[in-house]
Amino acid sequence: MTESTTIRWEQDDTGVVTLVLDDPNQSANTMNQAFKESIAAIADRAEAAVQADKDAIRGFIYTSAKKTFFAGGDLKDMIKVGPENAQEAFDAGTAIKNSLRRIETLGKPVVAAINGAALGGGYEIALASHHRIALDAPGSKIGLPEVTLGLLPAGGGVTRTVRLMGIADALLKVLLQGTQYNPKRALENGLVHEVAATREEMLEKAHAFIDANPESQQPWDKPGYRIPGGTPANPKFAANLPAFPANLKKQTAGANYPAPRNILAAAVEGSQVDFETALTIEARYFTELVTGQVAKNMIQAFFFDLQAVNSGANRPKGIEPRQVRKVAVLGAGMMGAGIAYSCARAGIEVVLKDVSAEAAQKGKGYSEKLCAKAVAKGRTSQDKADALLARITPTADPQALAGCDAVIEAVFEDTSLKHKVFQEIQDIVEPDALLCSNTSTLPITTLAEGVSRPVDFIGLHFFSPVDKMPLVEIIKGERTGDEALARAFDLVRQINKTPIVVNDSRGFFTSRVIGHFINEGVAMVGEGIEPASVEQAAAQAGYPAKVLSLMDELTLTLPRKIRDETRRAVEEAGGTWAGHPSDSVIDRMVDEFGRPGRSGGAGFYEYVDGKRDRLWPGLREHFTKPGHEIPFKDMQERMLFSEALDTVRLLEEGVLTSVADANIGSILGIGFPGWTGGVLQYINGYEGGLPGFVARARELAATYGERFAPPALLVEKAESGGKFSDA
Ligand code: NAD
């Protein structure tokens, strides 16, 4: 019998065995090799004990000695699984599942006392228990988020949720979106049976369950069990089935997300067979995912890159962390109002300043609306909402900014106005206050010329809507000091957002790169391609927003203004301006047809009562060449490649300094499709690797223009067998 090293067997004198999950070599428990051996040893010991004396054991309680219950699969191992070691991974998964199943079917009650996060594999251990009690600890999350990493829960997660709540609920509430529930919402949605306020209460409830259910069984192991809501074998259920693929499509938009498809297949096929066969089906669909490229991309981005970015790989070393106490937000418009809310939500005092008290109050009104909605939906309490609102002081008086240790400016996009508002307040706020601008395009170095302390001046580029968008792009100007960079980083983390760091350049990283996506979509319309096809290509590539609708949202006049300013700057510096095939389409839309985008009431789309309606039929009249089509793959890759190639140029130019920042920034900031793992991982994972990507870029360049020619850095890396990585 092997020994258990990661699970302690603690038996009390009443015969209740607490299985304490406690991996001595890691800060969190994971389904690694040691766990596989430990859980097998525990199953052996449990079986032997019950065989020797039927009454020796009264029941089992899984709980953990760590802060979290159990973290799930070991992603360091999973990202390395290829076709060559797929069988090994399959066997390891099967071994763990078999051990859990042996304990589950021993005829003794099994309780999961979930003391902290139980995501993925952690919740699967809980599902292999007859009764689940969650401790209502702050930050506790429960669910099966595998889909967000391009995987499916193959530790019995699909098989058991389908049997627990029925196919529809399992798919929609748990599996397809990977929702992470707090303990109370987990209870409401049927993921756990009880919630406990303290650890003691949780364990008391566990013992009480064992006392009351000495011969407990899983519902699916009881005679006559049927899956709630039926299965496709049932005609009533079958009538609803066609709706699933439609829901799935809505959920994943693009065709490049294999995980939801495999989850659907595993759930439906698994519902029509016995439990053990369902586990095997689930494992087969998992193996297909884990050996594929998309899961690797998503694990790299959403786990490793995100962790690197948030943990401060880019924060200057050796500078003491600092917290902001009181922030001045200048400009209470759309962005300022959202920034004020996000800061107040994180416990920071906010002075929200605009030109008039009314305008400032209107900005605070945005927080009032968000708070009312959160209270109505039960996401926060009235007290918490009141406290949040009490932290926001709207004002038109510069003197109210006294004591602020950080300033975030969000007035109109105009250099001289921005200079003016900083001059007005820089001697009122704390003498070393951090000075930030939320400009989306203006060079930080130029803006810094207008303040007395350029060393403390930095760009803090938020995205709209601020309360929802998780990313902030930090822009270091030429004279920005390391101290300011560290403080800006800490501020972004303080408000629970993800910071990427870039050097100053027109449009920085995000605004510049998203411009290529939009321009490419617009250029295709100009070439005479059916606009509906262009929109479809963007959606199927996995972009969250269709390209022409996004252009309308941003308004056509804005990129035109930026384009003209950039052209002037390039020409003044003695360079030549190449222009873009989209230029003439945008000019005609604005000048000839008077369609500047959504805010002007008309753009590529028609708008009815401010709501987007259909694509403007005039597009077909003025631009479309009937019968002119290009391959769908070319349409998609023109958008994806234009963004990827410019990202490489930004690395060459030193604007970007980190691959993880590029990947995370592209997904979280500008909607680069998540299945790619981000804009540089897209190049790494392209068919044929970097050489394959270079060859394809050359093909696109030959057909659609020199803007697709691969930059030198890319060609060099491809030729030397390298790839984009921070390691
Ligand atoms: P907005 O027009 O909604 O708000 C600007 C606000 O600034 C208005 O309320 C205006 O009254 C106020 N203001 C003007 N002069 C002022 C002064 N002297 N003192 C105090 N307040 C003054 O604009 P917005 O969309 O919130 O954009 C603000 C900034 O954020 C711009 O630099 C913009 O480029 C940038 N930005 C915008 C977005 C976006 O999606 N809208 C995204 C990122 C960054």
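Q: Looking at contacts between residues at least 6 apart in sequence, what share join residues at least 24 apart?
A: In this predicted model, 73% of those contacts join residues at least 24 apart in sequence.

Q: Okay, and which domains does the chain have?
A: The domain assignment gives domain 1 as 5-212 plus 226-290, domain 2 as 324-504 and domain 3 as 509-718.

Q: What's the separation between the centres of domain 1 and domain 3?
A: It's 42 Å, going by the C-alpha atoms.

Q: How many helices and strands are there in the chain?
A: You'll find 30 helices and 20 strands. As for the overall build, the radius of gyration is 28 Å, close to the 27 Å from the globule rule for 727 residues, so the chain is as compact as a globular protein of that length.

Q: What does the C-alpha trace span along its principal axes?
A: About 90 × 65 × 55 Å.

Q: And what percentage of the residues count as buried?
A: 48% of the 727 residues do.

Q: Let's go to the ligand. How many residues surround it, and which are the closest?
A: There are 24 residues around the ligand, and the closest are Gly331, Gly333, Met335, Ser440 and Ser464.

Q: Which helices and strands each supply at least two residues of that shell?
A: Helix H14 (334-345), helix H17 (415-425) and strand E16 (457-462). H14 gives the most, with 3 residues.

Q: How does the shell split by class?
A: It has 13 nonpolar, 8 polar and 3 charged residues.

Q: Ser464 was on your list. Which peptide bond from Ser464 is cis?
A: That's the one from Ser464 to Pro465, with omega near -5°. Pro465 sits in the loop between E16 and strand E17 (471-476).

Q: Now the nonpolar core. How many residues are in the largest one?
A: It has 216 residues, and those with the most contacts inside it are Ile114, Leu152, Val407, Ile474 and Ala488. Helix H26 (residues 632-652) gives the most to this core, with 9 residues.

Q: Pick Leu152. Which residues is it in contact with, leaving aside neighbours within four places in sequence?
A: Quite a list: Glu146, Val147, Val158, Ala259, Asn262, Ile263, Ala266, Tyr285, Phe286 and Leu289.

Q: What about Val451, is it buried or exposed?
A: Val451 is buried, because 21 other C-beta atoms lie within 10 Å and the cut-off for buried is 20 or more. Its place is in the loop between helix H18 (444-448) and E16.

Q: Which residues does Val451 touch?
A: Not counting residues up to four places away in sequence, it touches Phe422, Gln426, Leu435 and Phe457. Val421 is 30 residues from Val451 in sequence, and the two are 9.7 Å apart in space, C-alpha to C-alpha.

Q: Switching to backbone angles: what's up with phi of Phe508?
A: Phe508 has a positive phi of about 55° although it is not a glycine. You'll find Phe508 in the loop between strand E18 (498-503) and helix H20 (510-526).

Q: And what phi does Thr555 have?
A: Near 70°, again a positive value in a residue other than glycine. Thr555 is in the loop between helix H22 (547-554) and helix H23 (557-572).

Q: Why does Phe508 count as buried, and how does Thr555 count?
A: Phe508 counts as buried because it has 28 C-beta neighbours inside 10 Å. Thr555 has 17 C-beta neighbours inside 10 Å, so it counts as partly exposed.

Q: Next up, Gly363. Where does it lie?
A: Gly363 lies in helix H15 (residues 357-376), and it's buried, with 28 other C-beta atoms within 10 Å.

Q: Which residues does Gly363 touch, not counting those up to four places away in sequence?
A: Ala332, Gly336, Ala337, Ala340, Leu352, Asp354 and Pro394.

Q: Last one: which helix holds Phe302?
A: Phe302 is in helix H13 (residues 293-310). With 22 other C-beta atoms within 10 Å, Phe302 is buried. Leaving aside its neighbours within four places in sequence, Phe302 is in contact with Thr148 and Leu149.

Conventions
Residues numbered from 1 in each chain as written. Predicted model: local features only at pLDDT ≥ 70, side-chain atom pairs only at ≥ 80, totals over all residues. Domains from an automatic or database assignment. Helix = DSSP H or I, 4+ residues; strand = E, 2+ residues; numbered from the N terminus. Rg over C-alpha atoms; globule rule 2.2 N^0.38 Å. Buried ≥ 20, exposed ≤ 12 C-beta atoms within 10 Å, placed from the backbone. Contact = placed C-beta atoms within 7 Å. Near = placed C-beta within 6 Å. Nonpolar A, V, L, I, M, F, W, Y, C, P; charged D, E, K, R; others polar. Core = buried A, V, L, I, M, F, W, Y, C linked by C-beta atoms within 7 Å.
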